[in-house]
Amino acid sequence: MSQHDLAPLSGRRAPEAVALFNEAFTAELIVNAAWAKEQDSGTGLSWPACFVILPLVLHPPTRDSLPRSPNVTLAAWAVRNPVLSQGLDIRVATLAPATRRAIRFGMRTGRLNLSGTDIFAGNRPKNPNPQSWPDELVNTVRAARVVGRWFRATDVITAFNLLGIGG
């Protein structure tokens, strides 16, 4: 086993993981999801719902399959993409520490606010800019907003059941 292979066991994260799961970046994804939920429903994103944002939007095949239209529901997407929701429970568990770090960072910097058990965006996030942002960043932010909107009409328990999480 190389030293690189031992890094996860020793508590150190690989440089690629540090970059991808950078707290500022992951917090902004949660900010975008919370903001989208607020715009559609006037309420925040529930604390447990935050834990599906990163696993859905940072996994390229899943992100690429997310609908462009806000009219496609989570239930409709889950039925059309059962293979992508398989193993999501493992991704949620694996990314839980990154999600917690993102929420703490967002709250520390004022980008996220907590009211009861709901997470709210501290301020309106910047809209994705295809002219100056890399395509992957634009797509990831847009995906976070789609996932946030799903929670306007789907409660967390139903969403977790549809996604095969925790059952």
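Student: How many helices and how many strands does the protein chain have?
Tutor: This is a predicted model, and its secondary structure can be read along the sequence as the pattern α-α-α-β-α-α-α-α-α-β-β-α-α. Counted by type, the elements of the protein chain come to ten helices and three strands.

Student: Among contacts between residues at least 6 apart in sequence, what share joins residues at least 24 apart?
Tutor: The count concerns the protein chain and takes in contacts between residues at least 6 apart in sequence. Within that set, the share joining residues at least 24 apart is 69%.

Student: Which residues touch the most other members of the largest nonpolar core?
Tutor: In soluble globular proteins, nonpolar side chains tend to be buried together. Here the largest nonpolar core holds 45 residues, and those touching the most other members are Leu56, Val57 and Trp77. Elements that each supply at least two residues of this core include H3, helix H4 (50-57), helix H6 (74-80), H8 and strand E3 (118-121).

Student: Are H3 and H8 roughly parallel or roughly perpendicular to each other?
Tutor: Two packed helices are described by the angle between their axes and the distance between the axes. Helix H3 (residues 23-41) packs against helix H8 (residues 88-108) at an angle of about 85°, with the axes 8 Å apart. Angles of 65 to 115 degrees count as roughly perpendicular. H3 and H8 are therefore roughly perpendicular to each other.

Student: Which residues in H3 meet H8?
Tutor: On the H8 side, the contact involves Ala98, Thr99, Arg101, Ala102, Ile103, Phe105 and Gly106. By class, the contact of H3 with H8 has seven nonpolar, three polar and two charged residues. On the H3 side, the residues are Glu23, Ala24, Thr26, Ala27 and Ile30.

Student: Does serine 46 count as buried or exposed, and why?
Tutor: Serine 46 is found in strand E1 (residues 45-46), and, leaving aside neighbours within four places in sequence, serine 46 is in contact with Thr117, Asp118 and Val156. Because its relative accessibility is 16%, serine 46 counts as buried.

Student: How far apart in space are glycine 110 and glycine 122, C-alpha to C-alpha?
Tutor: Glycine 110 is placed in the loop between H8 and strand E2 (112-115), and at 31% relative accessibility glycine 110 counts as partly exposed. Glycine 110 and glycine 122 are twelve residues apart in sequence, while their C-alpha to C-alpha separation in space is 5.7 Å.

Student: What distance separates the C-alpha atoms of proline 82 and glycine 164?
Tutor: Proline 82 lies in helix H7 (residues 82-85), and at 43% relative accessibility proline 82 counts as partly exposed. Proline 82 and glycine 164 are 82 residues apart along the chain, and their C-alpha atoms are separated by 9.3 Å.

Notes:
Residues numbered from 1 in each chain as written. Predicted model: local features only at pLDDT ≥ 70, side-chain atom pairs only at ≥ 80, totals over all residues. Heavy atoms only, no water. Axes fitted to C-alpha atoms, helices over the stretch in contact; angles between N-to-C directions. Helix = DSSP H or I, 4+ residues; strand = E, 2+ residues; numbered from the N terminus. Parallel < 35°, antiparallel > 145°, perpendicular 65-115°, else oblique. Contact = heavy atoms within 4.5 Å. Nonpolar A, V, L, I, M, F, W, Y, C, P; charged D, E, K, R; others polar. Buried < 20%, exposed > 50% of the residue type's maximum accessible area, 1.4 Å probe, protein only. Core = buried A, V, L, I, M, F, W, Y, C linked by side-chain atoms within 4.5 Å.
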